[in-house]
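Notebook open, model loaded. I'll jot down what I look up as I go.

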Amino acid sequence: MSGSGRVFVVAGPSGAGKDTLIKEVLKDLDAHLSVSATTRKPRSGEVDGRDYRFLSDEEFDRLVATGQFLEHKEVFGRRYGTLRSEVEEVTGSGRDVILEIDVQGALDVKSTIPDATLVFIMPPSLEELEARLRGREADDEREIITRTGIAPEEIEVGKREFDEIIVNDDVSKAAGELARIMGR
Ligand code: ADP
Ligand code: 5GP
C-alpha cells in the first residue's frame, strides 16, 4: 500500500459506544470513516451510502466474487464487509481511515495490514451495555439478547489481541483517549 494514511480499527461489543466516540473525535480530527457494506436492513434514519451500503445477498456475493472486500464476516446473522476502495484509495492519498467493524473482522485486517492499530471500546459493565442497547431503541428484544450474549467473548478477544483498550464510561474522557491514540 502506498501513501502514509494510517488505519485505525475500532471494535467492541454492540452498544459499547463505538459510533458515539468516533463521531466525537471526527469533530476535531480529519480522518475518513469507512462505509461498510451490509445485508442487514437500514434502521430508521440510516442513509444508504452514508451509514452503510445496504445490499441484497446477491449484490454482496458479487462483491465477494470480484475480490472487492478487504474483509467480510457474518455478524448477528447478517453479512458485513469492508470494501478495499474505502481503505486503499484513502490511505493512498495520505489520509487516515477508521474502520468500525466487529472483532473478528478487526483481526483479519491486522493480518492483512500489520501496521493497523486495533482499538477496543470496552463498556463499563455488561449491565450498562444492555442498558445502552435498550436506550438506543434501535434493536428488538431478540437482537438485544444476541448482541449482549456475544459480548463476553468479544471482550476476551479484545483484551488478548487488541493494541489499545478504552473503557467508555464517560464520553468526553473516552473520546479524548481515542483522539490521543489517533493523534500524529
Ligand atoms: P456502538 O456503535 O458501539 O454500537 P453507540 O455509539 O450506538 O454504540 O452507543 C450505544 C448507546 O449508548 C447510544 O444510545 C449512545 O448514545 C449511548 N452511549 C454511548 N457512550 C455512552 C456513555 N459513555 N455513557 C452513556 N451512554 C453512552
Ligand atoms: P450494526 O448492525 O449495529 O450497525 O453493526 C453490527 C456489528 O457489525 C458491529 O459490531 C459492527 O462493528 C460490525 N460491522 C459493521 N461493519 C462491518 C464490516 O465491514 N466488517 C465487519 N467484520 N464487521 C462490521
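First, the term I need for accessibility: I call a residue buried under 20% relative accessible area, exposed over 50%, and partly exposed in between (1.4 Å probe, protein chains only). With that in hand I looked up E137, which counts as exposed because its relative accessibility is 71%.

Ground rules. This is a predicted model, where local features need pLDDT of at least 70, side-chain atom pairs count only at pLDDT 80 or more, and totals for chains, interfaces and linings use all residues. Residues are numbered from 1 along each chain as its sequence is written, chains are lettered from A and ligands numbered from 1 in the order in which they are written, and side-chain values use heavy atoms, with hydrogens and water left out.

**Whole chain**

I count elements as DSSP runs numbered from the N terminus, helices being H or I of at least four residues and strands E of at least two. On that basis the protein chain has 7 helices and 9 strands. Its radius of gyration is 16 Å, close to the 16 Å from the globule rule for 184 residues, so the chain is as compact as a globular protein of that length. (The radius is taken over C-alpha atoms, and the rule is 2.2 Å times the number of residues to the power 0.38.) Along the principal axes, the C-alpha atoms fill a box of roughly 45 × 40 × 30 Å. Buried residues are 44% of the 184.

For contacts I use heavy atoms within 4.5 Å. Of the contacts between residues at least 6 apart in sequence, 67% join residues at least 24 apart.

**Sheet**

Strands pair if DSSP finds at least two bridges between them. I found an open sheet of 4 strands, in the order β4-β3-β6-β5 and with mixed pairing. Its edge strands are β4 (53-54) and β5 (69-75), each pairing on one side only. Strand β3 (residues 37-38) runs parallel to β4, and 2 bridges join them. I checked A37 and its bridge partner in β4 is R53. Helix α2 (residues 57-65) packs on this sheet, touching β3, β4, β5 and β6 (78-83), and its direction makes about 40 degrees with that of β6. (Axes are lines fitted to C-alpha atoms, for helices over the stretch in contact; angles run from 0 to 180 degrees between N-to-C directions.)

**Helix pair**

How do α4 and α6 pack? Helix α4 (residues 103-112) and helix α6 (residues 141-161) pack at about 25 degrees, with their axes 10 Å apart. That makes α4 and α6 roughly parallel to each other; my classes are under 35 degrees for roughly parallel, over 145 for roughly antiparallel, 65 to 115 for roughly perpendicular, and the rest oblique. In the contact, V103, Q104 and L107 of α4 meet E154, V157 and E161 of α6.

**Single residues**

A16 sits in the loop between β1 (7-11) and α1 (18-25). At 0% relative accessibility, A16 counts as buried. Leaving out residues up to four places away in sequence, A16 touches I121, P123, L129, R132 and N168. The C-alpha atoms of A16 and M122 are 6.1 Å apart, though 106 residues separate them along the chain.

Which way does phi go at F76, positive or negative? Positive, about 50 degrees, although F76 is not a glycine. F76 is in the loop between β5 and β6, and counts as partly exposed at 22% relative accessibility.

Back to E137: phi is near 55 degrees, again a positive value in a residue other than glycine. E137 lies in the loop between α5 (126-136) and α6.
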